[in-house]
Amino acid sequence: MLALLVNSVSYAQGLLDKLDKEYPKNTIYEMATFKTTRLGLGHSVEMRKKGALEISWYNRYWNRPNGETQFFLADEVNMRFGLDYAISDNFAIGVGYSTWDDIADGYLKYKFVRQTKKGNPFSIVALQTVSMTDNMMSKSLYGGSSTSSNYSFTSKVLIARKFNPKISLQVSPFLISRSQKSMNGNPGAQYGIGFGGRYKVGGHVSIVSEYYSVFNPVKTVKTYNPFMVGVNWELSHLMLQFHMTNARTFAEDAFITQTTNNFNFHDGNFHFGFNATFVLHLNKNKL
């Protein structure tokens, strides 16, 4: 009886070894590192499936400092309307327009390393954005006097790891350059690093946060590093994001380097953000 059992086990193990050689195991990728393509302020390493179209509506509300509130809930509001399309599972493009600062922006995003269950410990994404504005705030910050459109270019590398089903972290070194020549001793290009994280508290609810540190800020105007903390709520194809931040703008170069108020509840520095993103899957074969 014992000999029969040993022979059966040996035969089964030999069959499994043969199957492993003939049908090697497929690579298993980590899924849903952040559930959405943006943490709250900036991009995340998350990508949509090929053929997915994102329709986004971002809002930022705040009160004027030292003034009388005249409007319902908030004195000022900035809105961004955007369209993002996944050309492939690893390549996406997008465009958007912000109302308060009149910034039109676009981006290219490519994931060239995906985190796996065994093997690659990180996901790595290259992001290139461009923004264009005629807004005088940008000109006063950087000393330009030209009345022509000003272009800004942001190059980022997003590096993230999903440690477990609850915790994901991301770092994102960046370099920002502008078509507008620097004046008054301001740097011609700015660089630094961003940090972001997500903690899942429920089936469809997560706490998220972001912080960006600029290593060489402008000298003519006092600026602050942007910070955000909030909650993401996933409802099927709709993602709702609620957060508090000191950033008023949405374009990568603008909110990273042109935030002129600190994160607190005084002098109009408290900002409430509300983002809504809806996903349409145009390529039904990828569902």
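This is a predicted model: local features need pLDDT of at least 70, side-chain atom pairs count only at pLDDT 80 or more; totals for chains, interfaces and linings use all residues.
Over the ring of which residue does the charged end of Lys222 sit? The answer is Tyr224, with the charged end of Lys222 5.3 Å from the ring centre. A charge counts as sitting over a ring if NZ of Lys or CZ of Arg is within 6 Å of the ring centre and within 35 degrees of the ring normal.

Residues are numbered from 1 along each chain as its sequence is written, and side-chain values use heavy atoms, with hydrogens and water left out.

Now for rings meeting rings. Rings of Phe, Tyr and Trp (its six-membered ring) pair if their centres lie within 6.5 Å, with planes under 30 degrees apart called stacked, over 60 edge-to-face and the rest tilted. That rule gives ten aromatic pairs. Among them, Tyr61 and Phe272 are stacked, because their ring centres are 6.4 Å apart and their planes at 25°. This pair ties together distant parts of the chain, with Tyr61 in strand 1 and Phe272 in strand 12 (residues 271–281), 211 residues apart. Strands here are DSSP runs (E, at least two residues), numbered from the N terminus. Elsewhere, Trp57, Phe242 and Phe274 make up one aromatic cluster.

Tyr61 is partly exposed at 30% relative accessible area, and Phe272 is partly exposed at 33%. Trp62, also placed in strand 1 (residues 52–62), is buried at 3%. Buried means under 20%, exposed over 50% and partly exposed in between (1.4 Å probe, protein chains only).

Key. Helices (H or I, at least four residues) and strands (E, at least two) are DSSP runs, numbered from the N terminus.
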